[in-house]
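Please look over the notes below with the structure open beside you. They go from the overall fold to the question of confidence.

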Amino acid sequence: HLRYIPTPAEVHRMLQLPDKTSLNGIQDRVMLEVLYATGVRAIELLTTQLHCVWPSERKAAVQGKGGKERLVVMNDTAAHWLQLYIKGIHPILIRRRRIARLPTQGDRYLFPSVQNAGALTYSVLRRRVKKYAEEAGIPMLTPHGLRHAFATHLYQGGADLRSIQLLLGHENLSTTTIYTQ
């Protein structure tokens, strides 16, 4: 089953689309940047806790499949947006959660929901990725499609499969090859 992998230029164009003057726009930009810069799974992004990200060091700890934790690295752009988000937007979202009287355990997530008890849901993330992909002229892109783009672009840039395997958190190298075909 072949899927469309956007070019680096198409992804870059999509990353520029969120409104940098609104809370949701900045949050969207950060989510898109981190998804593409790290290759994390959508669920890994959504369940990342605030204390597990270090933008100044350009890394984050994510909980992968089977409860395995791994460190992911990101580029300067993603780290920059993440730092702005953590300092300016996240506190506002937490205040909104408290005004809505949502349980405080949801406050620990990097991307907390202001309507529900925990983190943003996958459906919200998927809807936002789809919106920006359509605006950028990228057909049927999902959060997982950004993971494929991350791996493919690394491979096309000369990264070896073993390195990509480690970055994606795959146990088997054969799984990684699917991402780069």
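1. Helices and strands are runs assigned by DSSP, a helix needing at least four residues and a strand at least two, and they are numbered from the N terminus. On that basis, the protein chain of this predicted model follows the order α-α-α-β-β-β-α-α-α-α-α along the sequence. The count is eight helices and three strands.

2. How does the radius of gyration of the protein chain agree with that of a compact globule? A compact globule of 181 residues would have a value near 16 Å, and the protein chain has 16 Å, so the two agree. Along the principal axes, the C-alpha atoms fill a box of roughly 50 × 35 × 30 Å.

3. Burial comes next. Of the 181 residues, 48% count as buried, where buried means under 20% relative accessible area. The accessible surface of the chain is about 9,400 Å², and carbon and sulfur atoms account for 55% of that surface.

4. Take the contacts between residues at least 6 apart in sequence: 53% of them join residues at least 24 apart.

5. On charge, the chain carries 24 positive side chains and 13 negative ones. The centres of these two sets lie 5 Å apart.

6. Which parts of the chain have the lowest and the highest confidence? Helix α8 (residues 173-180) is lowest, with a mean pLDDT of 79, and strand β1 (residues 53-54) is highest, at 98. The chain averages 94, and 98% of the residues score at least 70. Where pLDDT is low, predicted coordinates should not be read in detail.

How values were computed
Residues numbered from 1 in each chain as written. Predicted model: local features only at pLDDT ≥ 70, side-chain atom pairs only at ≥ 80, totals over all residues. Heavy atoms only, no water. Rg over C-alpha atoms; globule rule 2.2 N^0.38 Å. Buried < 20%, exposed > 50% of the residue type's maximum accessible area, 1.4 Å probe, protein only. Contact = heavy atoms within 4.5 Å. Areas by Shrake-Rupley, 256 points an atom, 1.4 Å probe, with all protein chains shown as cover. Lys, Arg positive; Asp, Glu negative; His and termini not counted. Charge placed at Lys NZ, Arg CZ, Asp CG, Glu CD. pLDDT = per-residue confidence, 0-100.
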